[in-house]
Amino acid sequence: MKIDRLIGILSVLLQRTQVTAPELAKQFEVSRRTINRDIEALCRAGIPIATMQGTGGGIRIMEGYRIDRTLLTSKDMQIILAGLRSLDSVSGSNYYSRLMEKLKVGSSHFISGQDSILIDLSSWYKDMLAPKIETILLAVEQKHLLSFRYYSPNGESSRTVEPYYLIFKWSSWYLWGYCRKRMDFRMFKLNRMDQLETGQQSFQARPAPMPDMSNERIFPGKIKAKVLFEPQVKWRLVEEFGPHCFEKQPDGRLLFTADYTNKWNLANWLLTFGAAAEILEPASMREELLQIGRHLAKIYGDGK
């Protein structure tokens, strides 16, 4: 992508006194004409780049501007490279690895040999996610419509979407786009997509608002839950909600309070604790869990 190449070219210019257009064209696997256009774009962005023709000529950042030849510290670069490496963990290709190598050119003294930050965004669903991510990124770049079958708690449906953003949050990947079925912007979880396809039909990009990714917006707390947990599951409460989410009771049990989005999610979560959780509020949940328990006993019981 162009923005990646512009960042790479700028990094090279910051690390080297001078470089030629043919050298950049070979390094970034594009034509010399493309490099010339990229240099013009960097100049329009306010980077003072000087070019000299003929023998001994080349491209460089003007001397008067280079007080410090590095806009980024070694720590900054390590963080950038860690981010790029994390994208390769789910992309299904080595595109970002190649980009990292381009960023490292001429800066061996600038980047330490040991990585201090390691990020792996892959999951059990990597084989399924990688092609979806690649398809979505291509559709966003080319402004092509995406079509897919979508599965949600309200059922399944066919969707046609104008894609704008690929998002990673809450340990999952999401697509933010304009749904032509709902005539509004919607968030779609990649794991719930099937039969994802992009055709040749393009769309005229509309002003796309940034998605509201706050927990309050996506997971509104409609239910006030109060639960007593056995002490042996303290580690799970700390892992999922932090060390201050409960109060220790005189009998050793842990009183947990939190807001939950809906009863179904709350019931599913409580059932993962087995007999180590007793819900106190809302009172209606006690009866619902009792009914679930009776149904499970009927399924797995001995018929008595």
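I began from the rule that two strands pair if DSSP finds at least two bridges between them, and with that in hand I turned to this predicted model. In β4, E156 stands opposite Y151, and seven bridges join β3 to β4, residues 155-169, in an antiparallel arrangement.

Next I looked up the pairing of β3 with β7. Strand β3 covers residues 144-152 and strand β7 residues 193-202, and the two run antiparallel with five bridges between them. Here I noted S147 opposite E197 in β7.

I went on to the backbone, keeping in mind that most residues other than glycine have a negative phi, and most peptide bonds are trans. K143 is not a glycine, yet has a positive phi of about 55°; I located K143 in the loop between α6 (126-142) and β3, where K143 is partly exposed at a relative accessible area of 38%. M183, also not a glycine, has a positive phi of about 55° and lies in the loop between β5 (172-179) and β6 (184-189). With a relative accessible area of 57%, M183 counts as exposed, because the cut-off for that class is over 50%.

I checked one peptide bond as well: the bond from E281 to P282 is cis, with omega near 0°, and P282 sits in the loop between β11 (277-281) and α10 (283-300).

Last, I recorded the chain as a whole, which has ten helices and eleven strands, and of whose 304 residues 37% count as buried.

How values were computed: Residues numbered from 1 in each chain as written. Predicted model: local features only at pLDDT ≥ 70, side-chain atom pairs only at ≥ 80, totals over all residues. Heavy atoms only, no water. Helix = DSSP H or I, 4+ residues; strand = E, 2+ residues; numbered from the N terminus. Buried < 20%, exposed > 50% of the residue type's maximum accessible area, 1.4 Å probe, protein only.
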